[in-house]
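Please read them with the structure open.

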Amino acid sequence: MSSDAHRRRRSSSIIYTEPAETIEEHSDQAALPNLNASWVNSKGAWTIHIVLIACLKIFYDSVPGVSQETSWTLTNISYMAGSYIMFHWVQGIPFEFNSGAYDRLNMWEQIDNGDQYTPTKKFLLTVPILLFLMSTHYTHYDLTYFTINCLAVLGVVIPKLPWFHRMRLGLFSDLDE
């Protein structure tokens, strides 16, 4: 394989699209199951999101001096930040048995082999939207809280859309010389 196959872009563009996999990468991906993304289809995987949100809400409610509006907003921001980091920021897999087949894909792109609108992806798209609606309602539609919650949900929902599949923001990416 040539050294140009894995070179990063040399463009100064902030937004770029990750190139499609090579035939070798496709065969490496098909050789073994992707343990990094297969757990989201397992029993109880959907429940953990609801439990995590409930635990965050209970935690922020137990902090003295935090109002209900602030508690809902902090719950929303915490879940959205964790969701973004887990599904869209981190690339590759923590296991080293797929020969680097998933090194250029984030977890969202690995789930269900990149297929869009599967039941799992619909659920993972619905949870942030419902949390946003709940936090907006319980903050009594205050403009400041609404703006913060809206920006948080947009930051998580937009990368999940099919148009943003393999699209990257290159703010902190390394460019090969």
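1. Aromatic pairs first. The structure holds six of them. One is Phe59 with Tyr60: the ring centres are 5.2 Å apart and the planes stand at 65°, so this pair is edge-to-face. Its two members differ in cover. Phe59 is partly exposed, because its relative accessible area is 48%. Tyr60 has 15%, so Tyr60 counts as buried. Keep in mind throughout that this is a predicted model.

2. A second pair joins Phe87 and Trp108. Their ring centres lie 6.4 Å apart and their planes meet at 80°; angles over 60 degrees count as edge-to-face, so this pair is edge-to-face.

3. Lys160 lies over the face of the Trp108 ring, at 4.9 Å from the ring centre.

4. Now the core. Which residues have the most contacts inside the largest nonpolar core? They are Tyr79, Met80, Phe87, Ile111, Leu124 and Leu131, in a core of 22 residues. Helices α3 (45-62), α4, α5 (107-110), α6 (119-138) and α7 (143-157) each supply at least two of its residues. The most comes from α6, with six residues.

5. Tyr79 deserves a look of its own. Leaving aside residues up to four places away in sequence, Tyr79 touches His49, Leu52, Ile53, Leu56, Val127, Pro128 and Leu131.

6. Asn76 is a polar residue to check. It is found in helix α4, which covers residues 68-89. Is Asn76 buried or exposed? Its relative accessible area is 0%, and the cut-off for buried is under 20%, so Asn76 is buried. Its side chain makes a polar contact with the side chain of Asn149, at 2.8 Å. Beyond four places in sequence, Asn76 touches Leu131, Phe132, Ser135, Asn149 and Ala152. Leu131 therefore turns up in the contact lists of both Asn76 and Tyr79, and contact here means heavy atoms within 4.5 Å.

7. Two backbone points need attention. Phi of His140 is near 60°, a positive value in a residue other than glycine. Tyr141 is not a glycine either, yet has a positive phi of about 55°. Where do they sit? His140 is in the loop between α6 and α7, and Tyr141 is in the loop between α6 and α7 as well. His140 has 57% relative accessibility, so His140 counts as exposed. Tyr141 is exposed too, because its relative accessible area is 57%.

8. Last, the overall picture. The protein chain has seven helices and two strands. From the N terminus, the order is β-α-α-α-α-α-α-α-β. Of its 177 residues, 36% count as buried. Among contacts between residues at least 6 apart in sequence, 70% join residues at least 24 apart. The accessible surface comes to about 10600 Å², and 66% of it belongs to carbon and sulfur atoms.

How values were computed. Residues are numbered from 1 along each chain as its sequence is written. Side-chain values use heavy atoms; hydrogens and water are left out. Helices (H or I, at least four residues) and strands (E, at least two) are DSSP runs, numbered from the N terminus. Buried means under 20% relative accessible area, exposed over 50%, partly exposed in between (1.4 Å probe, protein chains only). A polar contact is a pair of N or O atoms within 3.5 Å; within protein, one must be able to donate a hydrogen and the other to accept it, and residues adjacent in sequence count only if both atoms are side-chain atoms. A nonpolar core is a set of buried Ala, Val, Leu, Ile, Met, Phe, Trp, Tyr and Cys residues joined through side-chain atoms within 4.5 Å. Rings of Phe, Tyr and Trp (its six-membered ring) pair if their centres lie within 6.5 Å; planes under 30 degrees apart count as stacked, over 60 as edge-to-face and the rest as tilted. A charge sits over a ring if NZ of Lys or CZ of Arg is within 6 Å of the ring centre and within 35 degrees of the ring normal. Accessible areas come from the Shrake-Rupley method with a 1.4 Å probe; for residues, only the protein chains shown count as cover.
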